[in-house]
Amino acid sequence: MLKLIKIMDRYFEEFLCSLMLGYIAISLNIEVFNRYFLNSPSAYTDEIARTLMIMLIFLGVPWAVKSNKHVIIDLIPTSKAWQSKRVVIELISHIIFIVFSILFALAAYRAAEFHHMLGSTTEGLGIPYWLLLGSLPGIFVLTIVRLLQRIYTLLKTRNATDSQEPINV
């Protein structure tokens with residue numbers, strides 16, 4: 001069970017993004033064939049691909065946080081003298097990102113509630129909009145989890161380097 005949790009922790013976003021991207025690539029290629037060679041276009045393929053592309057973009061947020069590959073502007077020097085200040089600034093930026101993720105998740109939840117009340121659906125497939133918008137709070141909760149993991153790793157590595165430095169007396 002613990003091994004399964006570790007695998008999910010390590011590959012969850014990659015797995016979902018790979019499935020979505022694979023489906024988009026295959027279905028759009030089939031759609032091109034159907035449209036131009038069989039003269040039989042489908043409205044559903046485009047709608048599913050568009051929806052999955054949006055979900056793919058949002059799933060990229062926790063994936064980028066997890067792998068520490070998100071866009072940053074690095075203005076702080078990397079010397080030893082700035083190391084403790086760098087950690088504090090990174091912690092502050094992660095906390096700001098957590099607050100943003102909480103606010104975004106709440107806004108997406110309210111939007112999902114609103115569309116549920118309206119009963120609005122997508123044009124082609126008739127998928128309820130609240131169902132699509134309802135996945136966004138989950139994605140941003142996952143982003144918060146990944147940010148907390150980054151903070152834990154940052155503090156753990158900081159404590160490890162602090163204990164290894166010689167004490168000058």
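Which element gives the largest share of the lining of the second largest pocket? Before I answer, a word on what we are looking at: this is a predicted model, in which local features need pLDDT of at least 70 and side-chain atom pairs count only at pLDDT 80 or more, while totals for chains, interfaces and linings use all residues. Residues are numbered from 1 along each chain as its sequence is written, and side-chain values use heavy atoms, with hydrogens and water left out.

The mean pLDDT of the chain, that is, the predictor's confidence in each residue from 0 to 100, is 83, and 88% of the residues reach 70 or more.

Now to the pocket, meaning an open set of points on a 1 Å grid over the protein atoms alone, where a 1.4 Å probe fits, with protein on both sides within 12 Å along at least five of seven lines; its lining residues have an atom within 4 Å of a point. The second largest pocket is lined by 14 residues, and Thr-51, Ile-54, Thr-122, Tyr-129 and Leu-132 are the ones nearest its centre. Two or more lining residues come from each of α2 (43-66) and α4 (129-164), helices being DSSP runs of H or I with at least four residues, numbered from the N terminus. The answer to my opening question is α2, with seven residues.

Finally, the whole structure holds five salt bridges, each a side-chain nitrogen of Lys or Arg within 4 Å of a carboxyl oxygen of Asp or Glu. One of them joins Lys-66 and Glu-13 at 3.2 Å, N to O, and this pair links distant parts of the chain, with Lys-66 in helix α2 and Glu-13 in helix α1, 53 residues apart.
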